[in-house]
Each structure stands twice: as C-alpha cells, then as structure tokens.
Amino acid sequence: MAFIDWNDTYSVGVTHIDNQHKQLVRIINELHDAMGAGKGKEVMGKVLFELIQYVNTHFKTEEEYMVKFGYSDYDSHRYEHEKLTDEVKRFHEDFKSGNAIVTIQIMNFLRNWLLDHILVKDKKFGKFLNEKGLN
Ligand SMILES: [Fe+2]
Ligand SMILES: [Fe+2]
C-alpha cells in the first residue's frame, strides 16, 4: 500500500487539476519510500526539490484559473498556497544545511495538508470551474 492512495473522493471534477494532484501524490509517495529505504541526503534532496518545483507549478495553474475566471475566494485560497510554499521552502533550506531530516511527522504533515486542502479549498474551486464549463 502506498503512503497516499488516490481515490475518486479526491477528484475536484477538473481533469487538469486532478492530474496535477495525482502527480503531487506520486512525488510525496516517492519521498516517503525514499525515507523508508533510508536513502541518503542527495536522493532525498532531489525528491524534495522535485516536490517544491511541482507544488509551484500546480499552485500557479490553479491561481491562473482563479484570475481568468474571477474567483471570489482567490485571496484565502492563495493564502493557503503561500503558507505551504513558505513552509516547504523553509524545510528544504533546513534540510540542505543539515538542520533537518525527513521524518514521518513531516510526511504526515504533507499528506494531511494536501488532502485537507484538496477536499475543502480545491473541491470548492473545482465546483466553481465546473459552473464555468471546465471539466
Ligand atoms: Fe490543488
Ligand atoms: Fe489549491
């Protein structure tokens, strides 16, 4: 069993966004596996960096849709994105300088953050996009 098992309850009803969420799940699972396998700093750093890059790509995609369609909850949604981005970046800096390691607590934090965010904020946004004709 994977650390995060994707299932349809996580779908926000927009294929482009769902595919990106699945990709995020894939990278978080990869990070979890690398941690479990006791991979060294170099491998862990690479996966962490991949996660940061992809989180950025994904948040940009959602925020571009929000601007394009005039989404009224833009500010509070973007605020959650920014908070996570800051936290992950800070963690990556600590990791690189040797002051942090990837632990199960970090993994649980990432999983809970992603799933909670998808189930509340992204689902609400997905519904809005559906109303705009996007599926
Ligand atoms: Fe999302
Ligand atoms: Fe989001």
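This is a predicted model: local features need pLDDT of at least 70, side-chain atom pairs count only at pLDDT 80 or more; totals for chains, interfaces and linings use all residues.
Q: Which residues make the contact between helix 1 and helix 4?
A: From helix 1 come I17, H21, L24, I28, L31, H32 and M35. They meet M107, L110, R111, L114, I118, D122 and G126 in helix 4. Sorted by class, this contact has nine nonpolar, three polar and two charged residues. Here is a handy rule for reading such a list: an α-helix has 3.6 residues a turn, so residues three or four places apart point the same way.

Q: What makes G126 count as buried?
A: The cut-off is 20 or more other C-beta atoms within 10 Å. G126 has 21 C-beta neighbours inside 10 Å, so G126 counts as buried. You will find G126 in helix 4.

Q: Which residues does G126 touch, not counting residues up to four places away in sequence?
A: G126 touches V12, G13, V14 and I17. As for I27, its C-alpha atom and that of G126 are separated by 22 Å. To be in contact, two residues need C-beta atoms within 7 Å.

Q: How do you know that the length of helix 2 agrees with its number of residues?
A: Helix 2 (residues 41–69) has 29 residues, and at 1.5 Å a residue they should span 42 Å. The end C-alpha atoms of helix 2 are 42 Å apart, so the two values agree.

Q: Which residues of helix 2 are buried, and what do they pack against?
A: The buried residues of helix 2 are L48, V55 and E62. Their packing partners are helix 1, helix 3 (74–96) and helix 4.

Q: What makes the pattern of the protein chain α-α-α-α?
A: The protein chain has four helices and zero strands, and reading along the sequence gives α-α-α-α.

Q: How do you know whether the radius of gyration of the protein chain agrees with that of a compact globule?
A: For 135 residues, a compact globule would have a radius of gyration near 14 Å. The protein chain has 15 Å, so the values agree. Along its principal axes, the C-alpha trace spans about 45 × 30 × 20 Å. Of the 135 residues, 14% count as buried.

Note on methods. Residues are numbered from 1 along each chain as its sequence is written. Chains are lettered from A and ligands numbered from 1 in the order in which they are written. Helices (H or I, at least four residues) and strands (E, at least two) are DSSP runs, numbered from the N terminus. Ala, Val, Leu, Ile, Met, Phe, Trp, Tyr, Cys and Pro count as nonpolar, Asp, Glu, Lys and Arg as charged, and the others, Gly among them, as polar. The expected span of a helix is 1.5 Å times one less than its number of residues. A residue is buried if 20 or more other C-beta atoms lie within 10 Å of its own, exposed if 12 or fewer, and partly exposed in between; C-beta atoms are placed from the backbone. The radius of gyration is taken over C-alpha atoms; the globule rule is 2.2 Å times the number of residues to the power 0.38.
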